[in-house]
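Student: I have a structure open and want to learn how to read it. Can we go through it feature by feature?

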Amino acid sequence: MSSQPNVLEKVIAFVDERVGLKTLQAKMLNEPVPGGSRWAYIFGSVLLFVFIMQAVTGILLMFYYVPSADHAYASTQYIIHEVDYGWFLLSYHFWGSSAMVVMVFAHMSQVFLWGAYKSPREMIWLVGLALFGIVMGFGFTGYLLPWDQRAYWATTVGVEIMDKTPIVGDFMARFLKGGATPGQMTLSRFFVIHVMILPAALMGLAGLHIFLFRKAGPAGPFRGTPEELKAKTDYFFPRQIWKDMVAMGAVFATICSLAFIEPVVLLEEATPDPGEYHPEPEWYFLFLFQLLRLKIFSGEFGQFLGAIAIPGAFMALLAALPFIDRSPERNIFKRPVALIGWIVVMATILIFTVSAIINREFLD
Amino acid sequence: MHQPKLKSKVRCADREVGEITRVIVDPLSHEVSHIVVGGNGVGGAERQVPVSEVQSVADGLVQLRTASSALAQFPPLKREDYVTIHEVEIAHLEDHLHVESGEVLVPLPTLERNVPRRTFFMNLTHAIGTLVALPLAFPVLKYLMKPMYSPFDNAWLKVGNVNRIKTEDVGIQFKYKKKVKEAFMPETDVDKNVWLLKASPDVLEEVYKGKDMEFRDQAGRLVWTNKKDVPYVVFSGKCPHLGCGYKWRKVPKLGKEIFLCPCHLSIYEPSGKVLDGPAPRPLDTLPIRVDAGGNVEIIDMEFKAGTKAQTRIV
């Protein structure tokens, strides 16, 4: 009799009755996307994918990595040179972190340009900014772990920058370093932050981010009458998920290619003597690095201005954005200040990054 | 107008035709867009009637403008074109729906009927939470702060011999090893470096400005005095801008040799004075003593980078 459920169907029914899987799945997939699915909406899903891959490769790296000043470098070299495919997993993790930053920029730009941070989505934007901070924190703390010269000097300068925060700066810098200068205590602290604290914070806040997003619903395009939007509306599954999957595949292929073409190569082991090495941060911090070379950011106050006040004010402005910009207009072509602001910020970052790269020649 | 309720009787202009079997909601406006009418009067099939046809909604009765004979013009419901609100996620949809008539209630358990007691228990929960967290705050903070502040080490370290220096006012790097014992770690030799200069009288004057230089420990006791007439000057290898290691470089543009930090491009004269770039203060001079044989010893000190004032941290 064909109407009799088979064993598999019985198991599924058993689980479903207790978990409510079918309703849950329906709820997850049947989310109307006003105006229909778009390639512009892929970045959030891609970020989730890149993060999961960072978690997977990160856990695998911990099978061999030892977070101690006398073994961190050796164990990382062992992963690269001795462990089968260790070079690949490490290089994937390395390039994955860059992909994370690129995708964060793309995601934030999309939300900004589409005016999707506006009421009722202010909380999603705020939690998103916190997630942005966490991603930057991942990049900064992870950079120290291989314990080579690049790692040591990026951390030395980065923590000195934090030290410039008024009042709490000295305490914060010592707290992070676990002393006056980078050493074993710094490595232990950065390791705990990188593998425990930030992942927990990211998972919690990303959950909240998605929950709030589902609560408010997708913002949809910034143009079109309700009738037009309704006519084009589809569900999250299958068209948007299809686009997301294609994007994930493309990002995965890109990260793999980069890992193959430019695998991670360590410099000399970390030491307070830089030798011939010219310290430089990872590319996404280069603009800030170049900014601090400017004459206007010289001296004690100039440094506070360039390293703390301006980045801090910029983040505060982003946080205040949905509360300052209360006009319901979402069309970016009718928000000249926002459009020009975005272009100026992107151009500044680009110009400073490029000039930092050009400056390398001057040093050699 | 109230939302038409499920199970309400439906009356056409001329007669009663059946009841509301379902309602259809617009996913964007969250408003009821159609009622689905079923019953004998509609001839078996459920008909989908737009709410614009509803004249009035009374208790348990919905009045349509249409004549019963005209009901057939409305399309029959195609159930497969719809999903229930439980199978879809539309934000705040349920907040807008009032299609059930009356309230659906669940009895409050007898023990829960005393509202002030609930508030009391809530406060007690917070109090216990605070009692758990508060005594932990200080120990946890102290636990994490353990390595943050350590006493200064004022030992003299051999770094090399001045016979390496041939020319005046040229920065020569001296590398040395410092024994470091950090917490539980075995003692290790850490590579460090300082820059030594055999200073001409002009440069020496610029470094000392006519005064001997005193170095003190944490308690303010005098540790060492650099005499202004000793021609050897030693600079900490750490750039006072943001702590990188600087180099001695010939800069064709300036036509002379200077100290250059590759990080943020601070440039210092041989005397350590800032020539250009973002550094807030000159290079840090360290205590130096040179014996008769030319052997150089220094006290390894580090100062906080990025401040105008010199604050010792190591």
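Student: What is the order of the strands in the open sheet of 6 strands in chain B?

Tutor: Keep in mind that this is a predicted model. Now the general idea. Strands of a sheet pair through backbone hydrogen bonds, either parallel or antiparallel. In chain B, the order is β4-β3-β2-β1-β6-β5, and the pairing is mixed.

Student: Which strands stand at the edges?

Tutor: β4 (47-50) and β5 (54-58) of chain B. Each has a single partner strand, so one side of each is left without a neighbour in the sheet. Neighbouring strands here are turned by 35° against each other on average, direction ignored.

Student: How do I read one pair, say β2 and β3 of chain B?

Tutor: Ask for the sense and the bridges. Strand β2 (residues 16-25) and strand β3 (residues 32-38) of chain B are antiparallel, with 6 bridges. Then pick a residue and look across. B:R22 has B:V36 of β3(B) opposite.

Student: Which strands make up the open sheet of 3 strands in chain B?

Tutor: The order is β8-β9-β12, and the pairing is antiparallel. β8 and β12 of chain B are the edge strands, each pairing on one side only. On average, neighbouring strands of this sheet are turned by 35° against each other, direction ignored.

Student: How many bridges does β9 of chain B form with β8, and how many with β12?

Tutor: Between β8 (residues 172-180) and β9 (residues 188-198) of chain B there are 9 bridges. Between β9(B) and β12 (residues 232-236) of chain B there are 5. Now follow one residue across the sheet. B:W195 in β9(B) stands opposite B:Q173. In β12(B), the bridge partner of B:W195 is B:F235. Another pair joins B:K198 to B:Y232 in β12(B).

Student: Now a helix. Which residues of α2 in chain B are buried?

Tutor: General idea first. An α-helix has 3.6 residues a turn, so residues three or four places apart point the same way. In helix α2 (residues 201-208) of chain B, the buried residues are B:V203, B:L204 and B:V207. They lie on the same side of α2(B), because they cover an arc of only 100° around the axis. These buried residues pack against β12 of chain B.

Student: Which exposed residues are on the face turned away from the buried side of α2(B)?

Tutor: B:P201 and B:D202. Look just past the helix too. α2(B) is followed by B:K209, with a positive phi near 50°.

Student: Why does A:K334 count as partly exposed?

Tutor: Count the neighbours. A residue is buried with 20 or more other C-beta atoms within 10 Å of its own, and exposed with 12 or fewer. A:K334 has 13 C-beta neighbours inside 10 Å, so A:K334 counts as partly exposed. Find this residue in the loop between α13 and α14 (336-363) of chain A.

Student: How many residues of chain A are in contact with chain B?

Tutor: 47 residues of chain A are in contact with 40 residues of chain B. Several helices of chain A each supply at least two residues to the side that touches chain B, including α2 (21-29) and α9 (184-216). α7(A) gives the most, with 6 residues. By class, that side of chain A has 19 nonpolar, 15 polar and 13 charged residues.

Student: How far apart are the centres of the two domains of chain B?

Tutor: Domain 1 covers 9-96 and domain 2 covers 156-299. Their C-alpha centres lie 88 Å apart.

Definitions and conventions: Residues are numbered from 1 along each chain as its sequence is written. Chains are lettered from A and ligands numbered from 1 in the order in which they are written. This is a predicted model: local features need pLDDT of at least 70, side-chain atom pairs count only at pLDDT 80 or more; totals for chains, interfaces and linings use all residues. Domain bounds come from an automatic or database domain assignment. Two residues are in contact if their C-beta atoms, placed from the backbone, lie within 7 Å. Helices (H or I, at least four residues) and strands (E, at least two) are DSSP runs, numbered from the N terminus. Ala, Val, Leu, Ile, Met, Phe, Trp, Tyr, Cys and Pro count as nonpolar, Asp, Glu, Lys and Arg as charged, and the others, Gly among them, as polar. Two strands pair if DSSP finds at least two bridges between them. Axes are lines fitted to C-alpha atoms, for helices over the stretch in contact, and angles run from 0 to 180 degrees between N-to-C directions. The arc is that of the directions from the helix axis to the C-beta atoms.
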